[in-house]
Number of protein chains: 2
Amino acid sequence: MLIYDTEKKGDKPIYEYIYECIKRDIHSGSLKSGQKLPSRRQMALDNGIAEITVANAYSQLVTEGYIESREKRGYFVSSDMDVICSGGICENVPKKKICNLDSDLCEPDTGSKEHSVIKLTDASLPEETFPFDTWSKIARKVFTDDRSACIRTPEARGLLSLRQAIAGYLERARGFSADPDHIVVGPGCEYLSNTLLQLIGGSAMVAVEDPGYMCICKVYEFSGHKCLHIPIDENGLITEGLSGSNVRMIHVSPSHHFPTGCVMSAARRASLVSWANETGAWIVEDDYDSEFRFEGKPVPPIAASDPERVIYMNTFTRTLSPSLRVAYMVLPDELFDVYSKRMDFVSGTVSTSEQLTLASFISDGYYERHLNRMRNFYRKRKKAIFEEMERSGLSGYFDVEGDGSGMTFMLRGKLPFDDRRFINGIRERGLSMNSLDEYCYNTQKYSPVRYVVNFGSLSEEQFAHAAEVMCDVMRNCLCLS
Amino acid sequence: MLIYDTEKKGDKPIYEYIYECIKRDIHSGSLKSGQKLPSRRQMALDNGIAEITVANAYSQLVTEGYIESREKRGYFVSSDMDVICSGGICENVPKKKICNLDSDLCEPDTGSKEHSVIKLTDASLPEETFPFDTWSKIARKVFTDDRSACIRTPEARGLLSLRQAIAGYLERARGFSADPDHIVVGPGCEYLSNTLLQLIGGSAMVAVEDPGYMCICKVYEFSGHKCLHIPIDENGLITEGLSGSNVRMIHVSPSHHFPTGCVMSAARRASLVSWANETGAWIVEDDYDSEFRFEGKPVPPIAASDPERVIYMNTFTRTLSPSLRVAYMVLPDELFDVYSKRMDFVSGTVSTSEQLTLASFISDGYYERHLNRMRNFYRKRKKAIFEEMERSGLSGYFDVEGDGSGMTFMLRGKLPFDDRRFINGIRERGLSMNSLDEYCYNTQKYSPVRYVVNFGSLSEEQFAHAAEVMCDVMRNCLCLS
């Protein structure tokens, strides 16, 4: 039984007091590593406080690594507490966490196999790529230069200065003349896709690429829309799949398909646009990752040549940081009219100071310089990874596909091998990787098997370790028939 | 004809070059105050550039006040350019803008009647209330202390640290124990209301208060939901209006109704909760403005006593700044289960660094200190305004109603007068004010007529001027029958 005198809590909320008492007892060693704590209910009863208060205290301690919750068994003082002696007093302190929970990226832990996880599925960005110094300098300037501008409600579509900066960038970088008036800024492509569904109205049928970015399909379905999956091949979306359908809007990534990396051919683009013109349907052109094309000329967006039925969409998630929550779309005339009549009254969805900072970051030329730096960074990283494939012998088992753009490529098996045994084998060795089939809606499987590698956040050392593991496991999996 | 040599643009985008040329010509005086500019089309043809490029350049000049767009007539060099001489060169510079466009608040301009606008409809906050120094200090600390935390993708529901800070605040300030797990953070109540509609699913019928906050009804209708308007009286929502309806969700503000300021009675609350329990409907409790109760004890939220069918919703728009775009809701168990199963996969909608700053602002006690300061600030401001009503004689024509909480009160006419003549009269004198009828969905009119005054952003001098104008106009409008 753990009883704390809640009368001594002072000005603190009770949950904070309880949290501190437990933390103190762990530090002092009176609660031992691995020791079970009372259930939330019991703790609440024993101390005459609400269960929710205990839940809040426990939750904070879990977050900070002092205790851990084990499914169906309850709460325990963390088993990975190191006892250290400081200033003559022995203290338990939580070990430095190995996993970066948010980014899904973990450092390899060569000592203990069960913690050694390298995720080739991780789409986060390496910390060193964010331009912290420039960004904070601009943010400070924005906040001191014009205080009254910083606390104004942003317009529904986003601040004019940001929309102008984006239009300027699109003109320079993508050869696409967008009217700043038609740009809508929002906190992510998922939000903007939802807004589009509202602009189109009704419970319209929508379509997505198969394989593809499955999140967007979930967003559409969750809004009550039926979602058709249109197959792709090496030339992009097989547009014949749309004829005779009732699809009113399709979400595509013509410049760089996720996850195969293919580029939609000119013929397929033309056919998609004619289908949209004939049926009055809308094309959402997700231009994600187009900034990171490493080979050949940039692929121009469909919106640049056929803006009438195309909604151009892009985000700063991959180019700057997923923590910013800024994406944008360019509405064609017809949808812009609906937007101005029906949605312009709401408040903006991205904070004013962040919009001002980003606007200045783009207009002052930092964004394009940052993109150049990043292109070099990822080009080098990819080169080193491919060299490691040769060195380790991994290239004897796999060919690389879809590596012309962005931060993913695919590994296509050269020899027949047991896919399930391979995946289980590498997972047992702390490596996680998805096969292309896992991005497919249909049951038809890709043969030979292909794996998707997100390399953006992967250090060369991590890939070297991964390549070694894959080669090891592969040797046991080859179907020597 | 205006021709600029675009070959001289250097590295600049063309629109920026054109914008700078025109600005230079205005500064130098070669384009005169009031002079008409070529149409966008003509300018594009003359210079061999795209019309959209001209549009971008003009739009920037309009924003900065150098030129103005007159409906159906075209673009003109601003007529309010002052010619000043600096360093021996005569320059046109735009006059300091009188109107703060975003906040809808204008300084009175006693010189020129047509610019003299005081908006008693303005819900923005006075600039001096935002805690700039503390906020920027914390924001800087957040950005330097833990860079890797700052660039992580925020969880769909918002960062745990912010949800915990909000839960702590709700427990201390509203006596409401909310589980941080059940809190969802989003960029505004409109966004959160939309999320709720998706959680409930289908094209459920919803209901709002009549009169009420009309934006929210527009949001519901725009998402394809039929919206019923339930009348209110001095005890709040007339719950009988709900029986027999198919309403699945109702949006109410029990602690402080907008715009009448009434508080929903205990009997009505109980009846609303039983209706929800019986029909399985949901109550969205919009607790907006509850922080600014000036009289009596705080009114506890319904969610504190009956959390099962109530979604508690609140925002930092009125307490901190509408520029922040942070609101939150607390989901009851049933909706939380749907949320965790179906929506937890999306990315968060508020930037990570802003969430970290706000979390720290609340947890470190600054938020509650700020609220105390603001309560005093608005209490004093209201007292001064009421004294001015006495002094000017305005209290001879109007009684004050609904002033117990928040930043609005109502003026109720004491004597019969011609409402239309009064409103037109004050509008001609540069005063804008809405009658309560303008917040009503039904045609039934309030008698005696009531006007809604947003006093939060109104300085004492502005109100003194407004009171004088109202008294003046009223003398001509009294129906001396």
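Predicted model: local features only at pLDDT ≥ 70, side-chain atom pairs only at ≥ 80, totals over all residues.

1. Two strands are taken to pair if DSSP finds at least two bridges between them.

2. The β19-β20 pair belongs to an open sheet of 4 strands in chain B, ordered β16-β17-β20-β19. Pairing in this sheet is antiparallel. Its edges are β16 (398-401) and β19 (434-435) of chain B, each of which pairs on one side only.

3. Chain A has an open sheet of 8 strands with mixed pairing. The order to follow in the viewer is β8-β15-β14-β13-β12-β9-β10-β11. At the edges are β8 (183-186) and β11 (236-237) of chain A, which pair on one side only.

4. Inside that order, strand β9 (residues 205-210) of chain A runs parallel to strand β12 (residues 247-252) of chain A, and 4 bridges join the two. One residue to look up is A:Met205, whose bridge partner in β12(A) is A:Val247.

5. A hairpin in chain A is formed by β1(A) and β2(A), with 3 residues between the strands. Strand β1 (residues 67-70) of chain A pairs with strand β2 (residues 74-77) of chain A over 4 bridges, in the antiparallel sense. A:Glu68 is opposite A:Phe76 in β2(A). In the turn, A:Lys72 has a positive phi of about 60°.

6. How much area do chain A and chain B bury between them? The figure is about 5,700 Å², and 58% of it is on carbon and sulfur atoms. Chain A puts 64 residues into the contact and chain B puts in 65 residues.

7. Polar contacts between chain A and chain B come to 18 residue pairs, counting those with both residues at pLDDT 80 or more. The elements giving two or more residues to the chain A side include α3 (51-63), α4 (132-145), α6 (160-174) and α12 (352-363) of chain A. By class, that side has 25 nonpolar, 23 polar and 16 charged residues.

8. Salt bridges between chain A and chain B number 2. In one of these, the side chains of B:Asp133 and A:Arg147 meet at 3.1 Å, N to O.

9. What rotation superposes chain A on chain B? A rotation of 180° does, with 0.1 Å of shift along its axis and an RMSD of 0.2 Å. That is the relation of a two-fold axis. In chain A, A:Val350 has the C-alpha nearest the axis, at 3.6 Å from it. The same surface serves both copies, with 100% of the contact residues of chain A recurring in chain B.

10. Over all chains, a search of the whole structure finds 42 salt bridges. Among them is the one in which the side chains of A:Arg381 and A:Glu128 meet at 3.7 Å, N to O. A:Arg381 lies in helix α13 (residues 366-392) of chain A and A:Glu128 in the loop between β7 (118-119) and α4 of chain A, so this pair ties together parts that are 253 residues apart in sequence.

Definitions and conventions
Residues numbered from 1 in each chain as written. Chains lettered and ligands numbered in written order. Heavy atoms only, no water. Contact = heavy atoms within 4.5 Å. Buried area = accessible area lost by both parts, 1.4 Å probe. Salt bridge = Lys/Arg side-chain N within 4 Å of Asp/Glu carboxyl O. Polar contact = N/O pair within 3.5 Å; in protein donor to acceptor, adjacent residues only side chain to side chain. Nonpolar A, V, L, I, M, F, W, Y, C, P; charged D, E, K, R; others polar. Least-squares fit on C-alpha atoms with pLDDT ≥ 70 in both.
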